[in-house]
Amino acid sequence: MNDDAEQQHLAQANPGYAAGQLAAAFRTAAAHPDPETRRRGAERGRRWRAVLDGMANGLLTIGSRTPVAGLPAWVTPEVVRGGFATGEPSAGGPLLDHEIATARRAGVPGTRRALFAHFLSEDGLAHLHALLDSGRYEVTVPEEAALLTVAWLVRAGEPAAALDLVEELAPFADRLRFAPRPSGVPAPRHDAVHRSTVAEARAALAARRPSTAVETQREALAVWHPFGDELLLHWLAVTDERGRIHVPGPDDPWHARSAALLRRYHDLARRHTHCTKHLRPKENLGILRGALEEAVAAGELTPRRLGLLRHAVTSMVRRRGRPGSAEHTALRRRQAAHAALPSHHALAGVVLGRLSGLPQEGGVEEVGPVLAPVSEREADETGVPAGAVVPAAVRRPVEAALSAPVATLVERGVVPSAEVLAELVPQLVAATTAEAHRDPALRSLAAAHYRAFRNRRSLLLFDLQRQVRVEELPWVRAVAAQRAGSGADEAAAGALRQLGGLAVRAFPGTILPNPLIRELSVLARQAELGAPFVEELAADIFMGTFTPKFLTAARIAAELLGAGSLYERYYAIDYAAVRNLAVIEAADAARRSGRARTSPGFAELCRRRAAEFAPGAGRAGSWVAGNGTVIEQAQILTTHNLATLVHRVGIDPGVGWDDVALRCFDTVCRLTGRVHHNPRPLGTVKDTAYAWRQMIFYLSLCAPDQQRYVVARVTEDFARQPWHVAGRLAPALTGLRQVLAGEQADQGAGRRLLGWSTGGHWFREDPAPDQAPGSHPR
């Protein structure tokens, strides 16, 4: 397929993908053993069927920001995997229970249009005003904030703005729900930041089931080991000092005790079914029990059975001592103590009880009391021993619900990655967005709405279209004039500096994930800093073009790094040419008196650099990999948002840039270790190169003496790495030293470490054990 054909192929949404997803959903719905999983599979099947039907009948235009015919971009579409819209709005479908109840109370027909009209009546507005004041409502999709906004505008003396908003909503009043859901508790504080709610923590704990393995072990220790000791003592009673076993005659009381033991065995086996080791005829307990059954039934043992029994008795005594001996008693005491420990399931029940008394829709402000050892009162109520400590597996769901400043959550390990940080950032941005409004009711509404908006799933888009922004929604535009002005801008700038600095400090070797970039972009627009944030583009749908903000971001990088910095020299960038290109394209745009949609000069620069520098350049390879090499050059030129954060936003990492660079190297080594014997290493190679690039950037912000110090520390650490890590990184470290010495990175033994390649990548090759100086095979 030639390049043009490839791009045309990408421009069309592939129905085969949707058909494959539909088939997978139907298989799950038909064959999965779990009923709930089958139900979810059937629901996924319904949605994918809607996608295929919509593509076939023209209702859907996949790849457009208005994918559903007749619905404007601000309507939240139902979106399935891959960004495909189903054709149904998220705020549509049959009336929900609370809508039906509202219609009955108001005495209006059970239709959305009738409900819409009711909420615009005097009684309806009074109800909405009460919700605004109490905060006892939920906004689960953005549309549910619309009528609350109308009510606020009416009360604020803005009837014209309210009427304009109503006129824009009215054409869709029969399909969409524009009123919120009532709630029994107030909405969570708009400044609360937590990874999960109390309700979610309770659900996670309630879903825990007793561990079969743990219960099996507990049963073995508490039931079968003691019973085995009884059987052993019973046989030892008829064993002489030379180890010979003599079965007494049928009138001996030993036989009556044998029959009683067998009755106890069958009762225990009926009541304790986790551990089945006693059923195995070749296990010691099975041999002792089988011999006893034969002795009771036949009055004697066959020679084979007698031999097995003698071996079992001898080995059991030799291994653990005679039951009743000091050695054996100490062992069984330890095992009994272990068996008496409460299970995780039981302790989860105690914690569940503690969580039930907390507000369910927010986080946990203090986890200490929730995770304290079991009290005497709780022991009396639950049977769990007093003083029992809550284990880590039960602690984790509660700690995930901790409500605290995001920096605290990072420090405590509740936020272990940049991706998880991105999940929390909408809460912080919601708080910042809300603070822009003076009125408390509007502030709470804005926060609730923003959280709902961030749950809106991204669409698959082509031709450089962008996802719908929150400020495009009609009800957000209607109250935009209520923002507090410069104070709000300063708050947004402060939040942006805080988040950017935290991301760099906590995860220095990880590129900013797209969800986090979207939130930083919102704050940057609110702060009016002129700070462009660029997303990581998908290589499989890349159309070969870049929006102008990529060139703007590269120009900002040129301002910071364009005076012969280490970064500029390592990646062989001519930042002066980048600045000139930005000036030329800005002048062209001004002459056209219109906003350019693409930056052709920047795209051409990235293609030229990919052809020159990417590993395997010039070789035939996957078109996706070819796209990846171009995208990577854009990331290099722009520093993928790092220059924007440092130069425009003014972030403070809280430590020296040399320390951040060293932590990047730690990430590089950790990722490099995952390449060894990895059958699919390309993703890890890419992440390693990204972490290396971040290290080069931070190193470029250091003074020359700090750079020498960092490289010396890196060299020191390099020698302590496993041989395969040191051997694989050796060419990259040589290339860095060459640049510091005034040479190029890819001369001689040195290599410039990049992530994408169109052919074989030197980083994938397994090094020989002797390739790493100072290292040895491990």
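**Exercise 1.** Determine which residues of helix 24 meet which residues of helix 29, and describe how the two helices pack.

*Solution.* Taking contact as heavy atoms within 4.5 Å, one finds that Ala553, Arg555, Ile556, Ala557, Glu559 and Leu560 in helix 24 meet Ala643, Thr644, Val646, His647 and Arg648 in helix 29. Sorted by class, this contact has 6 nonpolar, 2 polar and 3 charged residues, where Ala, Val, Leu, Ile, Met, Phe, Trp, Tyr, Cys and Pro count as nonpolar, Asp, Glu, Lys and Arg as charged, and the others, Gly among them, as polar.

The model is predicted, so local features need pLDDT of at least 70 and side-chain atom pairs pLDDT 80 or more, whereas totals for chains, interfaces and linings use all residues. Residues are numbered from 1 along each chain as its sequence is written, and side-chain values use heavy atoms, leaving out hydrogens and water.

**Exercise 2.** Is Pro508 buried or exposed, and which residues does Pro508 touch?

*Solution.* Pro508 is placed in the loop between helix 22 (486-506) and helix 23 (514-527). Because its relative accessibility is 4%, Pro508 counts as buried (under 20% relative accessible area, with exposed over 50% and partly exposed in between, using a 1.4 Å probe and protein chains only). Leaving aside residues up to four places away in sequence, Pro508 touches Ala503, Val660, Arg663, Cys664, Gln694 and Tyr698.

Definitions and conventions. Axes are lines fitted to C-alpha atoms, for helices over the stretch in contact, and angles run from 0 to 180 degrees between N-to-C directions. Helices (H or I, at least four residues) and strands (E, at least two) are DSSP runs, numbered from the N terminus.
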